[in-house]
Structure formats: C-alpha cells, structure tokens
Protein chains: 2
Amino acid sequence: MRERVLRAASELGYRPNLIARSLTTRRTGMVGVAVGSLANHLYPGMLQALAAHLQAVGYRILLFTAPLDGNADPELEQVMSYQVDALVLAATTVSSGLADQCRAAGIPVVLFNRTSDTTAASSVTGANRDGGEEIARLFASAGHRRPAFIAGDPNASTSRDREQGFREGCAALGMPVPIVEVGGFSDDGARRAMTALLQRQERPDAVFCASDQMGLIAMDVARFGFGLKVPQDVSVAGFDDAPPASWPTYGLTTYVQPILPMVEAAVSMILEQLADPTAPQRRVVLPGRLIVRTSCRLPSDPESQP
Amino acid sequence: MRERVLRAASELGYRPNLIARSLTTRRTGMVGVAVGSLANHLYPGMLQALAAHLQAVGYRILLFTAPLDGNADPELEQVMSYQVDALVLAATTVSSGLADQCRAAGIPVVLFNRTSDTTAASSVTGANRDGGEEIARLFASAGHRRPAFIAGDPNASTSRDREQGFREGCAALGMPVPIVEVGGFSDDGARRAMTALLQRQERPDAVFCASDQMGLIAMDVARFGFGLKVPQDVSVAGFDDAPPASWPTYGLTTYVQPILPMVEAAVSMILEQLADPTAPQRRVVLPGRLIVRTSCRLPSDPESQP
DNA sequence: TTGAAAGCGGTACCAC
DNA sequence: GTGGTACCGCTTTCAA
C-alpha cells in the first residue's frame, strides 16, 4: 500500500510542499543572508562558500542585498516575515538594533565580518587588530618611516579594528602616527584617498589599505596616476587576500581573512543556536596570516638600509 | 476596533507570516536563482542587480549555487519544493530538462546568459554571435593573420555562439581559421590554454577569449609567463566587460554584456509570465558593443602596416 | 462593521 | 498497518 502511494506520487510528479510543511514543523530550512556590495571581492567567495555549506546541512539562502545608501532594515523585516531559521548579516549598513528584534523573535543572528556591541548576536571576524599590527611590523622592518592608512567605512568595526592594530603597531615600533584618509571601502573613495596621500608634500612611503579592493586601486593610482614604482617608491598592503591580490600584476601583500573557516564557524554557530536557543552568543575571531608578495619593500632590500 | 487591533499588533511586535499567507495566495514572492561559480566576475554584478530589481517589485531571491561538478538537479528540485514563483537559471550545469519540469509545474523559467533548445524556457543573452564577429573584425582591421580562440565550456551556448561569430567573421574577412583551445571558463583552464597557444611554433598574434575572466589570465600568461608585450606581441580580447577589464593594468578590449538591460529583461519576462502563464516564451538577445581599450593592436598602429 | 468557518498542504497523534 | 482528525497562520467567503 505504502509502495503504491509512493509509486503513484512519483508518477504524478508529486513534490511535497516544503512551505506547507514548515507551518507545522516551525522550521523553514531557509537562512536569510544580507550582503552589502558584491563588488567587494571578498563577498562573492564568502557567499558561494556559505551557500555550499548551508546547502550541505539542508538549508537554503534567502538572499537580501542591502542598498548602498541608507536604511536596509525595512527590507530585512520582510525577510524575517519569511520565517527564516537564522540570519547572517554580512552588510555593514544593517542596523544592529535589528539583531535585538531577531533575538526577541527567537531567530539566531550571526554577524559575518563585523561585530557590534549588542549582546544579541554572535559574530565571526578575521583577526583584524592582529592583521593591522602585522602590517605595521612589516612596514617597520623594511625601514619605512611615513606610514599611511586608507580607512574603509568609519562606522565599520572591521575598518576600525584594522586601524587600531596598525596604529598601535606603528607606535610600538617607533614609527610616526600614520596619516589617515577615508576610502569608505568604495572604488572612488579609495582612488581619492590614495591621490590625496600621494599629493602631500611629505609623501607616505608605505600605505596600508583596509581592504584588498582598495589596495588594488591604490596600486593603480600610484603606478598610473603618479608614475610611481611599487614597492620601490611606495609600499602598498591590503587586507582580505581577495583573488586579484595574487594576480602577478599586483602581487599585493595582504593579511588573509580565512573565509572558509569563517564560513564554517558561522554555520556551526547557527546550528548550535538552532539546537539550543539558550546557548550563549559567541564572538569568534579567526586568525589569518600575513601573505608577503611583491607590493611591499622587504627588510633585505637595499633601499631599507639607509 | 480595527485600530485597536492594529495598535495591539504593533505593540506585540506582530509580523504576518508570509509563508502561511503564501499557502492560500499561492504566491510565495520568492524567485529561485541558480548561479554557477561566483568566481566569474560577471556573476556577482548580475546577482546584485537581479536582487535589487527583484526586491523592487516585491520578490526575494532564494539562492542556489550549483556545484561545479556534476549534477545540480536534485538540489534544484528542493528549490522547486519551496514553491518559488519563478526560476532564473544562470548556471550552465543545470540541465535544461529541468526547465520542462518547471513548465509542467507552472513555474516560469528564464535562462540567463544561456539558451537551450527547449521551448519550455525563455532566455536572455547578450549578442554573443555578433560580439565574436566584431572581435574578428577588429583583429582583421589591425592586420592580424593568426587568430586564436580560447573557448569556455564546450557545452555552453554562450561559448559556442561567440566562437561561431568569431569563426564566421574570420572567414568572411579572409583570415585563417582560428586555432582553438578550450579554457572551460576556469582560471586553470585558461592558463593552460593560453600557454599551449603561445608555445606553438606559429604563435597566434591575436587571441579572443570567451570571457574576460579568461582574457585577464591570458594577458598575465603572455606578460609574465612568456615575457610578451600586449598588444605589441600579441593582442588579447575578452567578452563581458567585467570590472577588472577596465583596470589600467589590463585595459582589456572586450565586447560588453549589457548586464543591467539583461537583468531588466529577465525580470520583466518573469512578471509577464506570472501575469499571464499562457504568454509565449521569449528569447531575448540584447545588443552589446565593442569596447576598445589597450590590449589589442589598432589599425593605426605602425605594426599593422607590414 | 464584525464574526465564524472553510481551506491552503502538510504533520502529528490518536484510534482502530 | 490504516484511517481520521486537529492544527500550523493566514486569506477568503459568507452570515449575522
């Protein structure tokens, strides 16, 4: 009998309606993912990995792209109305106040590549502070004396943490306080910032950019806008290890964000929260590592021995 | 009374359950989107635009990333079980047989950046054939005599159409039949293909790559692997106008895929099908245009006057 | 205007 | 095993 039903079902091309099922099981199997600009080279890879991992454990992604300007919250409330089982916030423009609402609604939230003060959400980030410090160390060891920093969005925890690590590193190693320009994680912003930096009387000799995206642009500005050689005339470092950083034309020295471990951590945190809603929120910081390529002067280079 | 209810609702933080609503309205407001590798620089932009446009008309994206290897269909059936209102297929690895199933289930399907023989699905593509032809024309006008083509996935209609246009263009303009290597739209594949091309006795003097992604890699191989100058030693052209193509280090000449119009067309086709399920399937081919940058020799260059 | 009831497509639990 | 029923949260229709 059971078989007969099964047979008939497949003959008729019957597909159980997962939506209807979710009504009684209270599990939709959907995870809302909010992502800012996919133009940042970091996010496509993150999204791909997240989708793959989530699919592997039976979840699907309800995607939501935050508008670059202004408030993303209303749209995000829509996503909540879809009864997603969890929420991954990888966009900086989403207010963290929303995390509290989710918490109240019993939806686990994990902040990806950002943190916030709220206790309502877990977060996964790379070792932003450490990375900034490592870059400072590299600059110092190569004998640089005029460090600069191109910041991302001043409101983003990622940018602030990287800057803090860099500043502290510079201070600890006897370098001057870095000159700071804001690039806002955007292409145009980065272009303007690097241009401003290179137009100064006392041109910086080493520029740390808060993202590879901006680092690549900074290199282009140095080379094509000012005819400078990288790293002979100016060292450039980035953050993320986005794919183009390793392309031979760039060879951008950078601090890796361990995307895969970050994604794995995010997924397991979601699963953990789902299994036990009373589990405490966690803040995971995953170590990266410095990848030295060719865009920065090295200690062994003759230029560094004055 | 009405007001009192409304007030109470908002005080309690009530959110209507869109999932439950969809049960009776038979509209989930979700569109399934299958995308292959986000590593191809074309897709993040496409996804972003699609998400924005779909959100604007009240739809959300249920994302599905196709595994690179093998069969994506089982996972896609899951997506169908979520009762998506429509499906956008931007991945080549999804079988077009699935489109028929959707059709049977009354779900509109639009193929994005690909076609297939099935009559069950609409499609939106760039002018692949024309683009290939334009590149041939450019090569011919610059006096090139040894054209080559780096193909993408041989099963992909996009790659085949571009190749066909290129071949026909070469033939019509009196150039030899192009040498063809398969790059498979992958980084490694492109590297191997370009390497094979440049190792030939009779080295090609102009290489057309089926995607910008591969074109950029081809340029790197030429420059860093073989120490060649682009375009003096070899011209390279791509297809898509992906963001890095316009970066000054590359200046990759390419044929634009009009992403925004393509996305708009896809969305309006979905809306059309939703409004009238009996509406005929359409195949839209959107014109692009040649963007001449610095990676190809030009007719006015001295090298082209032998 | 307000209220009650049926039904969307499933699941879960209960008798038989 | 098999069949029946209540219920998930909403919309729609029909009565009051």
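1. Pro231(B) is placed in the loop between helix 9 and strand 9 (235–240) of chain B, where helices (H or I, at least four residues) and strands (E, at least two) are DSSP runs numbered from the N terminus. The peptide bond that leads from Val230(B) into Pro231(B) is cis, with omega near 10°. In chain A, the bond from Val230(A) to Pro231(A) is cis as well, with omega near 10°, and Pro231(A) lies in the loop between helix 9 (212–226) and strand 9 (235–240) of chain A.

2. A word on the basis of this note: the model is a predicted one, in which local features need pLDDT of at least 70 and side-chain atom pairs count only at pLDDT 80 or more, while totals for chains, interfaces and linings use all residues. Residues are numbered from 1 along each chain as its sequence is written, and chains are lettered from A and ligands numbered from 1 in the order in which they are written.

3. A further backbone point concerns Gln83(B), which has a positive phi of about 60° although it is not a glycine. Gln83(B) belongs to the loop between helix 4 and strand 3 (86–90) of chain B.

4. The same surface serves both copies, since 100% of the contact residues of chain B recur in chain A.

5. The interface between the chains brings 38 residues of chain B into contact with 38 residues of chain A, two residues being in contact if their C-beta atoms, placed from the backbone, lie within 7 Å. On the side of chain B that touches chain A, two or more residues are given by each of helix 2, helix 3, strand 2 (60–65), helix 4 (73–81) and helix 9 (212–226) of chain B. Helix 3 of chain B provides the largest share of that side, 7 residues. By class, the side of chain B that touches chain A has 22 nonpolar, 11 polar and 5 charged residues, where Ala, Val, Leu, Ile, Met, Phe, Trp, Tyr, Cys and Pro count as nonpolar, Asp, Glu, Lys and Arg as charged, and the others, Gly among them, as polar.

6. Around DNA strand C stand residues of both chains, among them Pro16(A), Asn17(A), Arg21(A), Thr25(A), Met1(B) and Arg2(B); a residue is near a strand if its C-beta atom, placed from the backbone, lies within 6 Å of it. Helix 2 (18–25) of chain A and helix 2 (18–25) of chain B each supply at least two residues of this surface, and the largest share, 5 residues, comes from helix 2 of chain A. The surface near DNA strand C has 5 nonpolar, 4 polar and 2 charged residues.

7. Within chain B, helix 3 (residues 42–56) and helix 10 (residues 259–275) pack at an angle of about 45°, with their axes 9 Å apart; axes are lines fitted to C-alpha atoms, for helices over the stretch in contact, and angles run from 0 to 180 degrees between N-to-C directions. That angle makes helix 3 of chain B oblique to helix 10 of chain B, given that angles under 35 degrees count as roughly parallel, over 145 as roughly antiparallel, 65 to 115 as roughly perpendicular and the rest as oblique. The residues of helix 3 of chain B that meet helix 10 of chain B include Gly45(B), Met46(B) and His53(B), and those on helix 10 include Ile259(B), Val263(B) and Glu264(B). This contact divides into 9 nonpolar, 2 polar and 1 charged residues.

8. In chain A, helix 3 (residues 42–56) and helix 10 (residues 259–275) pack at an angle of about 45°, with their axes 9 Å apart.
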